[in-house]
Amino acid sequence: NFSLAQLLDTKVSSAAKYEQPERDAPAAVQVITAAQIAQHGWTNLAQALNSLPGLYGNNDRLYDYQGARGLAIAGDYNTRFLLLIDGQRNNDNVYGQALLGSEGWLDMSVIERIEYIAGPGSALYGSNAMLGTINVITKQATTTPLRQVGALVSSGGLTGVNVLGAHRHGETGVLLQYSQQQQAGCNQTYTNPQNLLVRKDGAVAGDGVADGLDFSTNRHALLRLDHDAWSLKLIA
């Protein structure tokens, strides 16, 4: 736990587009740290954000949808939230949606902190920042070499592996991360399938059994290169 003085001295960069102590920020910024992410075992941004007051989400078995202060528009695909990665807009260019679930771009292991500003932020960031602004700050390489290998196993059938390495020499730092997660599917029997159920191989499931329902595989990769004040990130 942090003291009040430590919380007020926490560095944030979302309120004014430059880093400053939270006590000086011109907006109320809520921060989720990497330590909190590790402590709670959150596997995507939606799970972490739902721990904040005023935010709640739901899942339609395809995407995670975020709601705020009693407003959640069905099929909105999070277009009323602005998602930033290190201050750069990450909503897609077609629908303007923010990917917050397992379908998102980043693995949680590369996140240094998550900053959330509730309410409209369009004056500072432009469109999409109507319900709130989410800024994900990624980790940088330090002078202490980092080599980390982790595995994930859950009772819900989620398994995964994560590899992360980082090193800094002088003014140049490199961070490389790769992870893969797999959600085991389940078989669900329907009493009246009407030959509409299709198996993973494309064949019609005439027996009324949906095979491997909700099966998914997600991969995340990040290469971050920092030199002096310059930073280059490749996300896949």
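Me: How many positive and negative side chains does the protein have, and how far apart do the centres of the two sets lie?
Reply: In this predicted model, 16 side chains are positive and 20 are negative. The centres of the two sets lie 2 Å apart.

Me: What makes a residue count as buried, and what percentage of the protein is buried?
Reply: A residue is called buried if its relative accessible area is under 20%. Of the 236 residues, 36% are buried.

Me: What makes β10 and β11 a pair?
Reply: Two strands pair if there are at least two bridges between them. β10 and β11 (residues 158–169) have eight bridges, so they count as a pair, and the sense is antiparallel. Across this pairing, Leu 152 stands opposite Gly 160 in β11.

Me: Which strands form the open sheet, and in what order?
Reply: The order is β10-β11-β12-β15-β16, five strands with antiparallel pairing.

Me: Why is one side of β10 and of β16 left without a neighbour in the sheet?
Reply: β10 (146–153) and β16 (230–235) stand at the edges, and each has a single partner strand, so one side of each has no neighbour in the sheet. On average, neighbouring strands of this sheet are turned by 10° against each other, direction ignored.

Me: What percentage of the contacts with a separation of 6 or more joins residues 24 or more positions apart?
Reply: Such residues account for 51% of these contacts in the protein. A contact here means heavy atoms within 4.5 Å.

Conventions
Residues numbered from 1 in each chain as written. Predicted model: local features only at pLDDT ≥ 70, side-chain atom pairs only at ≥ 80, totals over all residues. Heavy atoms only, no water. Helix = DSSP H or I, 4+ residues; strand = E, 2+ residues; numbered from the N terminus. Axes fitted to C-alpha atoms, helices over the stretch in contact; angles between N-to-C directions. Buried < 20%, exposed > 50% of the residue type's maximum accessible area, 1.4 Å probe, protein only. Lys, Arg positive; Asp, Glu negative; His and termini not counted. Charge placed at Lys NZ, Arg CZ, Asp CG, Glu CD.
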